[in-house]
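Dear colleague,

I am handing over the structure below, and I would be grateful if you could read through the notes that follow it.

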Amino acid sequence: MNAQLQHYADKLAYEIDAWDLSEALRAGERIVVIDARSPSAYAQEHIPGAVNLPHRTMDTATTGALDREALYVSYCDGIGCNASTKGAYRLAQLGFKVKELIGGLDWWKRDGYATAGDAASCGLDNTDCGCAG
């Protein structure tokens, strides 16, 4: 495989967008969504069903009860935050299968999906962002 094709294959192997995540969750795939931000940011607003596991606290003890067969999707605020990258990196170091949510919570909301927490939004129930295919 040439370098360019490998680059895109790697992106698809290690990143996921909001639409693909939503569809995978809807289909009941074995995915655990990890909010890698602080507990206060999580309490304010997060993806429904996400588990708060701040990247700074990820170690063998805090991840010991996690399902090793699941796919973990790490996210943070969005493109101005790298907590999702740090979380994905740390989870991968600990031996988990991981993808990073492109655009984080910001793009999750921009794509019209609901959030939970103190500042929860209902979302637009957007089922067709044009990314399908």
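Which residues does Thr115 touch, not counting residues up to four places away in sequence? With contact taken as heavy atoms within 4.5 Å, Thr115 touches Glu45, His46, Pro48, Leu105, Trp108, Lys109, Ala120 and Ser121. Please bear in mind that this is a predicted model, in which local features need pLDDT of at least 70 and side-chain atom pairs count only at pLDDT 80 or more, while totals for chains, interfaces and linings use all residues. Residues are numbered from 1 along each chain as its sequence is written, and side-chain values use heavy atoms, with hydrogens and water left out.

Thr115 lies in the segment after helix 5 (104-110), helices being DSSP runs of H or I with at least four residues and strands runs of E with at least two, numbered from the N terminus. Thr115 counts as buried because its relative accessibility is 7%, where buried means under 20% relative accessible area, exposed over 50% and partly exposed in between, with a 1.4 Å probe and protein chains only.

The side chains of Thr115 and Glu45 are joined by a polar contact of 2.7 Å (a pair of N or O atoms within 3.5 Å; within protein, one must be able to donate a hydrogen and the other to accept it, and residues adjacent in sequence count only if both atoms are side-chain atoms). A polar atom of the Thr115 side chain also lies 2.8 Å from the backbone nitrogen of Ser121.

Glu45 is itself buried, at 10% relative accessible area, and lies in the loop between helix 3 (39-44) and strand 3 (51-52).

Best regards
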